[in-house]
Amino acid sequence: MIKRIRNPFKFDEEVAGEFFCGRENDIDELSDHIFNNTNIIMFSKRRIGKSSLIKEVLENHTEKKVLQAHVDIYSVSNTRELFTKLQDGIKMSLSYELTTIEKASIMVNDIQEYFKNSKISMVISGTPELKIEAGDKNYYIAIENLFSDYFNYLRAKNLTFVFAIDEFQKIVSLPD
């Protein structure tokens, strides 16, 4: 009788934990790029594990003081939706300090100082949430302003960040 060995790899879905196998060299290389503040573009065939690799590095191989966001833009169909996804990523990265109402209030006032092109507020219902509203209804300009303000804030606070945009190629197919 032949002894069967179960394949440890899963295909067609993001993996983590025990199903994320190997890739030590890829983890080290991506971690080095993050540590050295290097912009990178990662590409390969679909369903090869890029998203799983990024999430593994962000969750388990990045210093806790590094702000981070992972945004998947595959489902966006216009620039307003793109703005919303990118905005959610920025909110996610800035939410690192939301531990108390007092800290949250101070943080909102502090962030508003740098996000001059947006309205910053705190929504407190269930889990406190940072809210960023576009100051411009032209979403190309709103996206540019959002990132410009974000970078100004990060520079002023001497913060490091990782902003991973999954399915980046989707941007060229947006009609507006």
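This is a predicted model: local features need pLDDT of at least 70, side-chain atom pairs count only at pLDDT 80 or more; totals for chains, interfaces and linings use all residues.
Residues are numbered from 1 along each chain as its sequence is written, and side-chain values use heavy atoms, with hydrogens and water left out. Local features need pLDDT of at least 70 and side-chain atom pairs count only at pLDDT 80 or more, while totals for chains, interfaces and linings use all residues.

Start with the interior. In soluble globular proteins, nonpolar side chains tend to be buried together. Here the largest nonpolar core has 28 residues. Such a core is a set of buried Ala, Val, Leu, Ile, Met, Phe, Trp, Tyr and Cys residues joined through side-chain atoms within 4.5 Å. Buried means under 20% relative accessible area, exposed over 50%, and partly exposed in between (1.4 Å probe, protein chains only). I90, L94, I111, F115, Y150 and F163 have the most contacts inside this core. At least two residues each come from strand 1 (67–72), helix 3 (79–94), helix 4 (101–114), strand 3 (129–134) and helix 5 (139–157). Helices (H or I, at least four residues) and strands (E, at least two) are DSSP runs, numbered from the N terminus. Helix 5 gives the largest share, 8 residues.

Take I90 as a way in. Contact means heavy atoms within 4.5 Å. Leaving aside neighbours within four places in sequence, I90 touches F115, I132, L146, F147, Y150 and F163. A second, separate core has 10 residues, among them I27, I34, L53 and V57.

Now turn to helix 2 (residues 50–60). Of its 11 residues, 8 are buried, so helix 2 is largely enclosed by the rest of the structure. The buried ones are K50, S51, S52, L53, I54, E56, V57 and L58. They pack against helix 1 (24–35), strand 1 and strand 4 (161–166).

Charged pairs come next. Side chains of opposite charge can pair when their charged atoms come close. The structure holds 5 salt bridges, each a side-chain nitrogen of Lys or Arg within 4 Å of a carboxyl oxygen of Asp or Glu. One joins K91 and D88 (3.4 Å, N to O). Both lie in helix 3, 3 residues apart, about one turn of the helix. K91 is buried at 12% relative accessible area, whereas D88 is partly exposed at 36%.

E133 pairs with K119, with the closest N and O atoms 4.0 Å apart. E133 lies in strand 3 and K119 in strand 2 (residues 118–123), so this pair ties together parts 14 residues apart in sequence. E133 also meets K131 in a salt bridge (4.0 Å, N to O). E133 is partly exposed at 30%, and K131 is partly exposed at 35%.
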